[in-house]
Amino acid sequence: MLHGLPPLIAPNTRVLILGSFPGVKSLETQQYYGHPQNNFWKLVFSIILPDRRQEICASSYEIRSKLLIESSIGCWDVYASCEREGSLDSAIRNAQLNDLASLKKRCPKLQAIAHNGGESYSHAKHTEALGLPIYKLPSSSPANASWSFERKLAAWQEALLPHIELTSQEKNAKSAKGTQKSQKKPI
C-alpha cells in the first residue's frame, strides 16, 4: 500500500488543486509533482509570477511550495493511499480517499476546487458537496500530450485567476507600477 503526501494548504487557501495520487518520482522525493516533465509548477508560476517563472521553477521545492501557499493556492490529492505499479492513474487499485469534507474547516477562505486531470475529477461528487465552484483542469502530466502547454495554460488561468492572491513580491511590483502610472500627468 502506498501513502500520499500531506496537503500543502493554509488558512488563506482560496483555491485547492487536487491531483489523483503522487507518481513514483513524487513519492521518492516527497514532493508534489516531482517528475521533471510534469508541467504543474510551470503552469502555476506562469500564472502567478510569469516574469520569474524559470527562476522559481528551478528553485527548491520549499521555495516553490511557500510561494504557492502565499498566492492562496493549495495542493493535495483525492487519494490518501492506494496500490499501484508505476505512475499511471489507470493502475490505481484499492484507493482510499483523503478527508475532503474537512477542507472548509482547514481552509476557511476556500473558494474553489480545481481537479488536475480526469482521475481526480472522477471524484468531483465529493468536492461538490462542499458547495464551491469545481473546475476540471487538463492534466499537467506529461502523459497528457494531446494538449499543448499553451492550451493547458489558458484553461488553468481561466480557473485559477479569479480565486488567487498575488504574492507580496508581485503585489509590491504591481503597486510600484501603479504609483508610477498615477504620477504621470496627461499633457
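## Close-up views of a predicted model

**View 1. The largest pocket and its lining.** The largest pocket is lined by 33 residues, and those nearest its centre are Asn38, Ser87, Asp89, Ser139 and Ser141. Helices α1 (24–29) and α6 (118–121) and strand β7 (134–137) are the elements that each give two or more residues to this lining. The space in the pocket comes to about 650 Å³. Here a pocket is an open set of points, on a 1 Å grid over the protein atoms alone, where a 1.4 Å probe fits, with protein on both sides within 12 Å along at least five of seven lines; lining residues have an atom within 4 Å of a point. Grid points are joined across faces, edges and corners, and the volume is the space filled by probe spheres set on the points.

This is a predicted model, in which local features need pLDDT of at least 70 and side-chain atom pairs count only at pLDDT 80 or more, while totals for chains, interfaces and linings use all residues. Residues are numbered from 1 along each chain as its sequence is written, and side-chain values use heavy atoms, with hydrogens and water left out.

**View 2. The whole protein, for orientation.** The protein has nine helices and seven strands; helices (H or I, at least four residues) and strands (E, at least two) are DSSP runs, numbered from the N terminus. Of the 187 residues, 44% are buried, where buried means under 20% relative accessible area with a 1.4 Å probe, protein chains only. Contact means heavy atoms within 4.5 Å. Among contacts between residues at least 6 apart in sequence, 63% join residues at least 24 apart.

**View 3. Helix α2, an enclosed helix.** Helix α2 spans residues 40–48, and eight of its nine residues are buried, so the rest of the structure largely encloses it. The buried ones are Phe40, Trp41, Leu43, Val44, Phe45, Ser46, Ile47 and Ile48.

**View 4. Aromatic rings around Trp41.** The structure holds six aromatic pairs. Phe40 and Trp41 make an edge-to-face pair, with 5.0 Å centre to centre and 90° between the planes. Trp41 also pairs with Phe45: their ring centres are 6.1 Å apart and their planes meet at 10°, so this pair is stacked. Rings of Phe, Tyr and Trp (its six-membered ring) pair if their centres lie within 6.5 Å, and planes under 30 degrees apart count as stacked, over 60 as edge-to-face and the rest as tilted. Trp41 and Phe45 are four residues apart in α2, about one helical turn. An α-helix has 3.6 residues a turn, so residues three or four places apart point the same way. Phe40 is buried, with a relative accessible area of 0%, and Trp41 is buried at 5%. One aromatic cluster takes in Tyr32, Tyr33, Phe40, Trp41, Phe45, Tyr61 and Trp156.

**View 5. Arginines over tryptophan rings.** Arg64 lies over the face of Trp41, at 5.0 Å from the ring centre. Arg151 lies over the face of Trp147, at 3.7 Å from the ring centre. A charge sits over a ring if NZ of Lys or CZ of Arg is within 6 Å of the ring centre and within 35 degrees of the ring normal.

**View 6. Ser65 in helix α4.** Ser65 belongs to helix α4, residues 61–70, and is buried at 8% relative accessibility. Leaving aside neighbours within four places in sequence, Ser65 is in contact with Leu8 and Trp41.

**View 7. Two loop residues with positive phi.** Most residues other than glycine have a negative phi. Tyr33, in the loop between α1 and α2, has a positive phi near 50°. Ser72, in the loop between α4 and β3 (73–77), has a positive phi of about 65°. Tyr33 is buried, with a relative accessible area of 13%, and Ser72 is buried at 0%.

**View 8. Ala124 in helix α7.** Ala124 lies in α7, residues 124–128, and is buried at 5% relative accessibility. Not counting residues up to four places away in sequence, Ala124 touches His115 and Ile134. Ala124 and Ile134 are 10 residues apart in sequence and 7.4 Å apart in space, C-alpha to C-alpha.

**View 9. Two buried cysteines.** Cys75 is buried at 0% relative accessibility, and Cys107 is buried at 1%. How many disulfides are there? The count is zero, taking a disulfide as a pair of cysteine sulfur atoms within 2.5 Å.

Methods:
Buried means under 20% relative accessible area, exposed over 50%, partly exposed in between (1.4 Å probe, protein chains only).
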